[in-house]
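Thanks, everyone. Please bring up the model.

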Amino acid sequence: MDYKIEILLNGESCSFAVSEDEMLLDTIRVKAGLEGCKRGCDSGECGACTVLLDGQPVNSCSYLSVQADGRSVVTIEGLTKGTELHPVQQAFYDAGAVQCGYCIPGMVLSAKALLDKNPVPSSDEIRKALSGNLCRCTGYTKIEEAVQLAAERLGGGAR
């Protein structure tokens with residue numbers, strides 16, 4: 001049985017017919033055609049599928065699409081303005097925190113959510129906010145530096 005859901009996807013009102021067991025990741029990637037969130041573990045462990053749901057990071061591989069009905073969803077594609085990167089995205093690039101890029105959309109969205117609620121995070125707070133995102137390439141040092149750089153550029157600055 002299909003259900004009709006309406007979500008605000010990257011600021012645009014969208015309607016989708018979804019099954020009761022369809023994951024938000026599949027709705028976003030297949031039906032909306034936005035492939036920035038990645039399929040990784042399919043169990044909510046790696047964070048590659050992270051999106052912001054009403055401003056909070058969630059693993060879209062383990063979140064039912066019907067649960068998103070009437071809510072706001074932001075994907076990595078929703079952060080850019082034309083060709084202009086969001087300051088968090090730009091900081092990741094400038095700090096050299098991007099290698100293969102598979103985990104980066106989830107990392108950026110988790111970092112954005114942190115900085116939205118805490119513009120001056122400590123190193124421990126940054127590590128905690130990113131703890132649900134696994135990276136096999138960078139070793140996390142450059143990623144933490146990128147979040148600190150983004151905080152500084154956004155007017156906060158890390159402690």
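Two strands count as paired if DSSP finds at least two bridges between them. Strands (E, at least two residues) and helices (H or I, at least four) are DSSP runs, numbered from the N terminus.

Before going on, the ground rules. This is a predicted model, where local features need pLDDT of at least 70, side-chain atom pairs count only at pLDDT 80 or more, and totals for chains, interfaces and linings use all residues. Residues are numbered from 1 along each chain as its sequence is written, and side-chain values use heavy atoms, without hydrogens or water.

What is the strand order? S2-S1-S5-S3-S4, five strands in an open sheet with mixed pairing. S2 (12-19) and S4 (56-59) are the edges; each has a single partner strand, so one side of each lacks a neighbour in the sheet.

Next, helices. Helix H3 (residues 104-117) lies across S3, S4 and S5, with contact meaning heavy atoms within 4.5 Å. H3 runs at about 30 degrees to S3. Axes are lines fitted to C-alpha atoms, for helices over the stretch in contact; angles run from 0 to 180 degrees between N-to-C directions.

H3 also meets helix H5 (residues 141-153): their axes come within 11 Å and cross at roughly 40 degrees. Residues in that contact include Met-107 and Leu-114 from H3, and Ile-143 and Val-147 from H5.
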